[in-house]
Amino acid sequence: MEGSGQSDKGGHVTWTSSMSTYMLEYLEGIVASGNKTSSGFKQVHLKACAKALNDHFNINLTSYQINNHIRTWKRKYSKIADLRKLSAALWDDENFIILLDHKHYADHIKNHKADAEYLNKSIHNYGKMLVIFGNSLATGKYAKGSGDPLANESIAIDDDEEEEIGIGSAAATGSASRVHALNEENGASSSAPKPKKTKTAAAIEEEGLIGAFKSVGDKLAGAIVEAGKEAAKSNKELPDNLYESVHSIPGFEDTHLAHYHAHLVDNPPTARVFVTLEFAHKVTWVARYIATTFNG
C-alpha cells in the first residue's frame, strides 16, 4: 500500500501526494463517464470516492473531506490559469510547463515564492485537473466568491500537506469558504456576484481545454497522414529479385516474359506475391497471362 493519510475525530486530515492523485484519477473517471453535472459532482459520487480511498489507503475519509480537497485542487487549477496569463509566460502544451526566462522568473519568485512549484517544471496532475475543472473553472458548486481567501487550505502537493476541514474549526476561524460550503449543503446559495476576473479565467481555461483537445486531434491527424504516406510508398515498392524470378522461368519466349515482367512492374502488389510463389505456381501465373494476353 502506498503512503497513508490520517483523519482524526476533529476533522484534521493529512493528504499525501498518492492520495491526491488517487482521488483525481477517480474523479477523472467520473467525468469521462459523463456523470459530472454542470454544478459539480453528485453526493453519491463524493461518497463513492471517499469509500474508494478508504479501502485503498485504509483510512476514514468522508464525502465532505473529499469535497473540501476538490476545492483545494480547483484553487490550484485557478492559480495555474492566472500564472499562464503572465505577460512573459509561454505554455508547453505537451509537458504542461509554464515557461519563464531567468529574469522574469527571478523577478516573479522574489515576491511570489509559493508560485515556484508551478513555474519552469512539469505541473503535477495537470492533465487530470484539465479534465475535471477545465470547462467549469469558476462556475457551480466549487466556485469561490471574491471574499473567499485563497490560502484557507495548504495547496502544496508534498506528502506533508494538511487541511483543517472540521465543522468546528470552520466556525472557530470564521473561514468564509467553509461557511459557504456548509450553507450549500443545507440548500442555501450565495448572493455575492461572481467577479469579473473569475469569468475571464473561466473563458481562458475553456479555450485551454479546447486547445488541448485540438492539439491531440492535430497530432492524430498528422500520424494518420504519415501512415498513409508510408503505406502508399510501400505499396509501390517492387521486390529486388523480380527480374530474376520472371526471366529464370524456362519454356517461354523472352518477349512473353518481358511482357509479364512489365505487367508486374505496373502492379507492385501482384509482383510482391509472385516472387513468393513456388516454382510451379509461377509457371501457372505466367502461362495464364500469356494465354490471356496473346491468344485471347
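Visitor: What makes the reach of helix α1, residues 17-32, close to the expected one?

Guide: Helix α1 has 16 residues and reaches 22 Å from its first C-alpha to its last, close to the 22 Å expected at 1.5 Å a residue, where the expected span is 1.5 Å times one less than the number of residues. Helices here are DSSP runs (H or I, at least four residues), numbered from the N terminus. This is a predicted model, in which local features need pLDDT of at least 70, side-chain atom pairs count only at pLDDT 80 or more, and totals for chains, interfaces and linings use all residues. Residues are numbered from 1 along each chain as its sequence is written, and side-chain values use heavy atoms, with hydrogens and water left out.

Visitor: Why is α1 called roughly perpendicular to α3?

Guide: The two helices pack at an angle of about 95°, with their axes 11 Å apart, and angles of 65 to 115 degrees count as roughly perpendicular, so α1 is roughly perpendicular to α3.

Visitor: Which residues make that contact?

Guide: With contact meaning heavy atoms within 4.5 Å, S20, M23, L24 and L27 of α1 meet I66, H69, I70 and W73 of α3.

Visitor: How do you know that the buried residues of α12 line one face of the helix?

Guide: In α12, K282, V286, Y289 and I290 are buried, that is, under 20% relative accessible area, whereas exposed means over 50% (1.4 Å probe, protein chains only). Seen down the axis of α12, these buried residues fall within an arc of 100°, so they line one face, while the face turned away from that side carries the exposed residues R288 and T292.

Notes:
The arc is that of the directions from the helix axis to the C-beta atoms. Axes are lines fitted to C-alpha atoms, for helices over the stretch in contact, and angles run from 0 to 180 degrees between N-to-C directions. Angles under 35 degrees count as roughly parallel, over 145 as roughly antiparallel, 65 to 115 as roughly perpendicular and the rest as oblique.
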